[in-house]
Amino acid sequence: MNEIVRATAKPSVCPLDCPDTCSLTVTVTGGTIDAVRGSSVNPFTDGVICNKVARSYPEFVHGPGRLTRPLRRVGNRGEGRFEPISWDEAIDMVHDGFARAIDRHGPQSVMPFNYAGPHGELAGGSMDRRFFYKLGATLLNRGPLCGAVRGTAYTSLYGSAPGMPPEQARHADLVVVWGNNVTVSNLHLMRVLKDTRRTGTRLVVIDPKRTKIAERADLLLQINPGTDVVLAMAAAAELERRGALDDAFIARWTSGFDRYMEEARKYAPGDVVDICGLQAADFERFIAFYMDADTVAASFGNGIERGRSGGSGLRAGMALQALTGNHGRRGAGVIAKPGLAAPKTTDRLQRPDLIPDGTRTFNIVDVARKLLDKDLDPPVMATMIYNHNPVCTHPDQKTLMRALLREDLFIAGCDVVMTDSLAFADVILPAASHFEFDDIYGAYGQNYVQRAAPVIACVGESLPNTEIFRRLAARFGFDEPIFKEDDTALMDAAFDAADPLMQGYRPSEVPLDRALEMTAADGGEPIMCDTVAPATASGRIELFSPDLEARFGYGVPRYEPVARRHPLVLISPSSDKRTNATFGGCSESDGPEIVEINPADATVRGLASGDMAIVSNERAEVVLKVLVSDKVRPGVLYSPKGTWLRSSETGHTVNALISADIRADIEEGACYNETFVEIAPRQ
């Protein structure tokens, strides 16, 4: 008789680059994932997941793009023609490609090219870091691509102390959602906001687009992109003028007030009208809401950092909370970095002590330029692309593609699926998906630690990242025990088991049906300036930042507009189909991406919804499908990020329109939203 194969439900965790890190239930039949849905293991995510994960993960794991065998390039670089080879042959190819570069130019001629595909502690950065550190390869500063500006803005004020968990916003009587498209990229905060609305809490949304959450707001401040710092500094000055700053809190908990306010007083309500593009009455309402509120919670998204004055905008927005005394009680604070509460031991996991003295570091945004620099000494002659799809995520896409076409550059690639970036590789190593190996997960947008075990066996001949780099380490003769540690040992290296927050569990033994809540040291809720103190050098919230002044010249925020050569600004925010570029090869992303345009701008250009249009500047042309909508401001175009090359007839995505030369005021961050373009009907 034929044996009946029954479906089973297994626990897992979503590893994608998203603040929520949802707990999952995965339905498996005969070794195949049938469905992915939310589970209640994590109390914050509590059974709800985004549609893109539910719809696309089974296709991502088992679809036609899945890599199941090592491959060797047989066609021209970038053409995408490969043939299967064995794992031994593939490892030998990587060894030989790296060894040739090292023999001629030294170990720094090898460069890892990775970012944040999976956010598990093991898959995201463990044995791979040990391998490249031991090799002596060029180091990569990855944060400037995304996240570093926002992260540094926060830590410049509060240090490494964890911010407010999002659930605490239920205790606020005013919530400010600033540059955060909650329904697309911070889904579970939406549920918190629904709860607050039922209790009469006011909601202010600050965003260039009227997002879905903005439809529920008491006040939408639809500002011009990149002008957040003007709004926040003018608000600080106006609140001071009206006597609405909390002098006692400022004296007890902050430093640098005088220098900060000296700069803030340069901004007036008229600047909010002229520069931010707001109505004076709306600014007045914003000030009145802040003054009327007893407890304000503020959530800041990554969108703000994607402009020239992004660091200043984030710092100034967050600083309003300190200036008005909105810390020290439940529901008052900045919803950012709650994951800092977790007792991670990242250095023990990644072993930066292996890095040779004097090793250089590249800003990841500069990689294309570095690869094409004929005077670079030593040149980059070998690289490995993994946990990353740079062709679809970096600015100045055409230059990066030209750099990856270098015939003298050895490129190893490693991913779960075939991507636009791996098409440039000489050899491809098939990686297991996170459903196929053990890992442990912190989070950056909530305060729970979770563990996941495999729900299926590795598909085909794919291997976990950790095993791939163990094999590479062995091939290079790295015999030290740290290169032989299994995944259990790596999980135990990722967190401090002795910390009370781990509740007596070794990291590798955290139950699969539990999420460990990361509390304050006393076991209570993390509340800045109460159960948690600022972890800055001064022990105070540093309104003037000596560190940012020394490194970047921005001890206090200020606005610096970017000159434009074209009339429209293009914003490329998060997509409801993809997480960055992950799932960009799935069927949900088939066809051309849309570009939203205000009716006034569409009319003068002869555009209507459904038309195909060319969006262009001096860098490139991209074909997009028009959606006329009054949800975007006049002068602004809106097209989601993460599309793959096949989505446009020109073979380029909106990333080809984005400059890699414009940088944020702090951390040299990429300025995706300082992209100026024109749009016209496709003829």
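These are my notebook entries on a few places I looked up in this predicted model.

**Entry 1: helix 7**

I began with helix 7, which covers residues 187–198. Which of its residues are buried? I noted His188, Leu189, Met190, Val192, Leu193 and Thr196. Just after the helix I came to glycine 200, where phi is positive at about 90 degrees.

**Entry 2: a patch of positive charge**

On the surface I found a patch of positive charge, where Lys194, Lys212, Arg216 and Lys631 gather. I then looked up one member, lysine 631, and found it in the loop between strand 25 (621–628) and strand 26 (636–638). Is lysine 631 buried, partly exposed or exposed? Its relative accessible area is 34%, so I wrote down partly exposed.

**Entry 3: alanine 660**

My next stop was alanine 660, in the loop between strand 26 and strand 27 (675–681). Its relative accessibility is 8%. The cut-off for buried is under 20%, so alanine 660 counts as buried. Which residues does it touch, once neighbours within four places in sequence are set aside? I listed Val365, Arg369, Pro395 and Asp396. I also checked how far alanine 660 lies from the glycine 200 of my first entry: they are 460 residues apart along the chain, and 44 Å separates their C-alpha atoms.

The bridge links distant parts of the chain, 292 residues apart: aspartate 661 sits in the loop between strand 26 and strand 27, and arginine 369 sits in helix 15. I looked up both partners for exposure. Aspartate 661 is exposed at 58% relative accessible area, while arginine 369 is partly exposed at 44%.

Another salt bridge joins the side chains of arginine 663 and glutamate 668, at 3.6 Å from N to O. Here arginine 663 is buried, with 7% relative accessibility, whereas glutamate 668 is partly exposed at 40%. Which residues make up the network of salt bridges? I wrote down Asp366, Arg369, Asp661, Arg663 and Glu668.

How many salt bridges does the whole structure hold? The search gave me 48. I picked out the pair of arginine 72 and glutamate 83, whose closest N and O atoms are 2.7 Å apart. Arginine 72 belongs to strand 4 (residues 71–73) and glutamate 83 to strand 5 (residues 82–84), so this pair ties together parts that are 11 residues apart in sequence. Arginine 72 is partly exposed at 28% relative accessibility, and glutamate 83 is partly exposed at 32%.

A reminder to myself: most residues other than glycine have a negative phi, and most peptide bonds are trans. With that in mind, I looked for exceptions.

Aspartate 46 is not a glycine, yet its phi is positive, at about 40 degrees. I found aspartate 46 in the loop between strand 3 (32–38) and helix 1 (51–62), and at 39% relative accessibility it is partly exposed.

Cysteine 529 is not a glycine either, and has a positive phi of about 70 degrees. Its loop runs between strand 20 (516–517) and strand 21 (541–542). Cysteine 529 has a relative accessible area of 9%, so I marked it as buried.

Which two residues does a cis peptide bond join? They are aspartate 377 and proline 378, with omega at about -5 degrees. Proline 378 is in the loop between helix 15 (367–372) and strand 15 (382–386).

**Entry 4: leucine 490**

I finished in helix 19 (residues 487–494), where I looked up leucine 490. Leucine 490 has 0% relative accessibility and is buried. What is it in contact with, beyond its neighbours within four places in sequence? The contacts are Leu122, Ser126, Met127, Arg130, Leu349, Thr466, Arg470 and Glu485. I followed up on threonine 466, which is 24 residues from leucine 490 in sequence and 9.0 Å from it in space, C-alpha to C-alpha.

Key. Residues are numbered from 1 along each chain as its sequence is written. This is a predicted model: local features need pLDDT of at least 70, side-chain atom pairs count only at pLDDT 80 or more; totals for chains, interfaces and linings use all residues. Side-chain values use heavy atoms; hydrogens and water are left out. Patches are made of residues with over 30% relative accessible area and no salt bridge: like charges are joined within 9 Å, nonpolar side chains (Val, Leu, Ile, Met, Phe, Trp, Tyr) within 5 Å. Accessible areas come from the Shrake-Rupley method with a 1.4 Å probe; for residues, only the protein chains shown count as cover. A salt bridge is a side-chain nitrogen of Lys or Arg within 4 Å of a carboxyl oxygen of Asp or Glu. Lys and Arg count as positive and Asp and Glu as negative; His and the chain ends are not counted. The place of a charge is taken as NZ of Lys, CZ of Arg, CG of Asp or CD of Glu. Helices (H or I, at least four residues) and strands (E, at least two) are DSSP runs, numbered from the N terminus. Buried means under 20% relative accessible area, exposed over 50%, partly exposed in between (1.4 Å probe, protein chains only). Contact means heavy atoms within 4.5 Å.
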